[in-house]
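Subject: Structure handover and findings

Hello,

Here is the structure I said I would pass on.

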Amino acid sequence: MAMTYESLLAAQRQAHENFGSMMRSWRLQNKWTQYTVYMWSREAGFDAISYGNLSVIEQGKAGELRQKAFFQLEELNRRLMTQNWGPVKNQEIKNQLKDAKPLIDDNGKVWDAVDFWACYVGYKTIPEKYTKKLV
């Protein structure tokens with residue numbers, strides 16, 4: 001059966017919702033608020049996804065994300081992987097980063113911009129550890 005435009009749009013909406021759920025799960029597993037990345041990036045001097053954008057992504061309502069968002073997520077993941085926090089003085093932020101983990105796939109690969117994008121459009125599956133519902 002041929003895919004219709006309507007079914008393609010529905011699949012995209014579902015992929016966006018799944019991606020948002022994964023991002024929320026990752027954030028909660030790191031014990032972060034929606035403001036953690038924003039506060040960290042401001043203090044450390046790097047460009048990161050805004051808390052407002054993160055909120056609509058987590059709700060699955062972001063629509064088409066700009067290319068920049070995927071590179072911002074890659075930068076965030078890279079900093080977590082290398083524990084390169086930057087010049088952070090705020091103790092609360094330091095505490096939130098101390099045990100934070102990058103987003104990884106089921107084989108332990110740290111995601112880059114392509115992985116984030118592929119998941120967002122439904123070409124890459126959600127890693128198992130981020131499929132669990134957290135409150």
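Predicted model: local features only at pLDDT ≥ 70, side-chain atom pairs only at ≥ 80, totals over all residues.

Core

The largest nonpolar core has 32 residues. Phe19, Met22, Met23, Trp40 and Leu80 are the ones with the most contacts inside this core. Six helices each supply at least two residues of the core: H1 (5-29), H2 (36-44), H3 (51-58), H4 (67-82), H5 (91-98) and H6 (113-120). The one that gives the most is H4, with five residues. As general background, nonpolar side chains in soluble globular proteins tend to be buried together.

Once neighbours within four places in sequence are set aside, Met22 is in contact with Leu103, Trp111, Cys119, Ile126, Pro127 and Tyr130.

H1 with H6. The two helices pack at an angle of about 130 degrees, and their axes are 8 Å apart. H1 and H6 are therefore oblique to each other. On the H1 side the contact is made by Ala15, His16, Phe19, Met22 and Met23, and on the H6 side by Phe116, Cys119 and Tyr120. These residues divide into seven nonpolar, one polar and no charged.

H1 with H4. Here the axes come within 15 Å and cross at roughly 30 degrees. Angles under 35 degrees count as roughly parallel, so H1 is roughly parallel to H4. The crossing of H1 and H4 is left-handed. Phe19, Met23 and Trp26 of H1 make the contact with Leu73, Leu76, Asn77 and Leu80 of H4.

H1 with H3. The packing angle is about 120 degrees, with the axes of H1 and H3 7 Å apart. That angle makes H1 oblique to H3. From H1, the residues His16, Phe19, Gly20, Ser21, Met23, Arg24 and Arg27 meet Leu54, Ile57 and Glu58 of H3. The class count for the contact of H1 with H3 is four nonpolar, three polar and three charged.

Phe19 and Met23 are listed in the contact of H1 with H6, in the contact of H1 with H4 and in the contact of H1 with H3. Phe19 and Met23 are also among the residues with the most contacts inside the core.

Is Arg79 buried or exposed? Arg79 lies in helix H4, and at 10% relative accessibility this residue counts as buried, because buried means under 20%. Leaving out residues up to four places away in sequence, Arg79 touches Trp40, Phe46, Asn84, Trp85 and Gly86. Of these, Trp40 is one of the core residues with the most contacts.

Gln72 is found in helix H4 too. With 9% relative accessibility, Gln72 counts as buried. Apart from its neighbours within four places in sequence, Gln72 is in contact with Asp47, Ala48 and Ile49.

Gln29

Gln29 lies in helix H1. Its relative accessible area is 30%, so Gln29 is partly exposed. Gln29 and Ala100 are 71 residues apart along the chain, and their C-alpha atoms are separated by 8.1 Å.

Most residues other than glycine have a negative phi. Which phi values does the model give for Lys31 and Gln83? Phi of Lys31 is near 60 degrees, a positive value in a residue other than glycine. Lys31 is found in the loop between H1 and H2, and at 68% relative accessibility this residue counts as exposed. For Gln83, phi is near 55 degrees, again a positive value in a residue other than glycine. Gln83 has its place in the loop between H4 and H5. Gln83 is exposed, with a relative accessible area of 53%.

Regards

Key:
Residues numbered from 1 in each chain as written. Heavy atoms only, no water. Core = buried A, V, L, I, M, F, W, Y, C linked by side-chain atoms within 4.5 Å. Buried < 20%, exposed > 50% of the residue type's maximum accessible area, 1.4 Å probe, protein only. Helix = DSSP H or I, 4+ residues; strand = E, 2+ residues; numbered from the N terminus. Contact = heavy atoms within 4.5 Å. Axes fitted to C-alpha atoms, helices over the stretch in contact; angles between N-to-C directions. Parallel < 35°, antiparallel > 145°, perpendicular 65-115°, else oblique. Nonpolar A, V, L, I, M, F, W, Y, C, P; charged D, E, K, R; others polar. Left-handed = near helix turned anticlockwise from the far one by under 90°.
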